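Subject: Structure for you to look at

Hello,

Here is the structure I promised. Please open it beside this email and follow along.

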Amino acid sequence: MTNLDGRLRASHSDRDAVIERLRVATGEGRLSLEELEERIERTQAARTYDDLRAITADLPRDDAGLAMLGTGGAGGVGSGVLELQTKYGAVQQKDYWVVPARIVASCGSGSVKIDFTGAVCSHREVLLEATCGMGNILVIVPRGWTVRIDSLTTNMGTITNKATEPGHPDAPVLRVTGKVGLGTLKIKYPRR
């Protein structure tokens, strides 16, 4: 963006890139949740590159190449892989966290819990690769999310998807793939 005239009008993708940058900064502890909400509102109302520069002026420049910086798309920001693995114990991902584009969850006879209800997700689609031996994988998604089960197989185990309400068009799509041996994979909404 340093080479761009700050008076030029910003695009939807420019604003989306700034929002992603703010979410990553929040996940790194640079911004509070209140600051994130306030800055997202300012970003959505921003009209020019100067408006967007002001919102991120106190944040370090990332190396992912945000579209608004004039260096390409925002695909690399926050799009890493989260690996949750256990043989016998319990692993949980819950409360506030930044959702990557891909999650790999595997358990032998232990358990994995992935709770998206307190998470920040800026991806339109998230891939969850689940492998379960004799253990349990529990996935909790907010209402409004769409859950799609793709290429998910089981031997003698159980796969249950209770998150079947029609999703909101602006909410993420969670695609679940993988294999369940003798264990269980359950996808549900949080309790009301």
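**Thr48 and helix H3**

Thr48 sits in the loop that links helix H2 (33-45) to helix H3 (49-56). Helices here are DSSP runs of H or I with at least four residues, strands are runs of E with at least two, and both are numbered from the N terminus. This is a predicted model, where local features need pLDDT of at least 70 and side-chain atom pairs count only at pLDDT 80 or more, while totals for chains, interfaces and linings use all residues. Residues are numbered from 1 along each chain as its sequence is written, and side-chain values use heavy atoms, with hydrogens and water left out.

Is Thr48 buried or exposed? Thr48 counts as buried because its relative accessibility is 16%. The cut-offs are under 20% relative accessible area for buried, over 50% for exposed, and partly exposed in between (1.4 Å probe, protein chains only). Beyond its neighbours within four places in sequence, Thr48 is in contact (heavy atoms within 4.5 Å) with Gly6, Arg7, Leu8, Arg9 and Ala10.

Now move into H3. Its buried residues include Tyr49, Leu52, Ile55 and Thr56. They lie on the same side of H3, because they cover an arc of only 120° around the axis. The arc is taken from the directions that run from the helix axis to the C-beta atoms. Helix H1 (12-27) and H2 are among what covers the buried residues of H3.

**The whole chain**

How many helices and strands does the protein chain have? There are 3 helices and 10 strands. Along the sequence, the pattern is α-α-α-β-β-β-β-β-β-β-β-β-β. The protein chain has 192 residues, and buried ones make up 44% of them. Take the contacts with a separation of 6 or more: 66% are between residues 24 or more positions apart. The accessible surface comes to about 10,200 Å², and carbon and sulfur atoms hold 48% of that. Accessible areas come from the Shrake-Rupley method with a 1.4 Å probe; for residues, only the protein chains shown count as cover.

**Among the strands**

Val104 lies in strand S3 (residues 102-107). Val104 is buried because its relative accessible area is 15%. From C-alpha to C-alpha, Val104 and Ala130 are 6.1 Å apart in space, yet 26 residues apart in sequence. Leaving aside neighbours within four places, Val104 is in contact with Val81, Leu82, Glu83, Leu84 and Glu129.

Lys188 belongs to strand S10. Lys188 is buried but has no salt bridge. A salt bridge needs a side-chain nitrogen of Lys or Arg within 4 Å of a carboxyl oxygen of Asp or Glu. The nearest side chain of opposite charge is Asp115, 8.6 Å away. Lys and Arg count as positive, Asp and Glu as negative; His and the chain ends are not counted.

**Two loops**

Gly157 is in the loop between strand S7 (146-154) and strand S8 (158-161). Gly157 is buried, with a relative accessible area of 18%. Not counting residues up to four places away in sequence, Gly157 touches Val180, Gly181, Leu182 and Gly183.

Leu182 is in the loop between strand S9 (173-180) and strand S10 (184-188). With Met134 and Met156, Leu182 forms a nonpolar surface patch of about 380 Å² accessible area together. Patch residues have over 30% relative accessible area and no salt bridge; like charges are joined within 9 Å, and nonpolar side chains (Val, Leu, Ile, Met, Phe, Trp, Tyr) within 5 Å.

Best wishes
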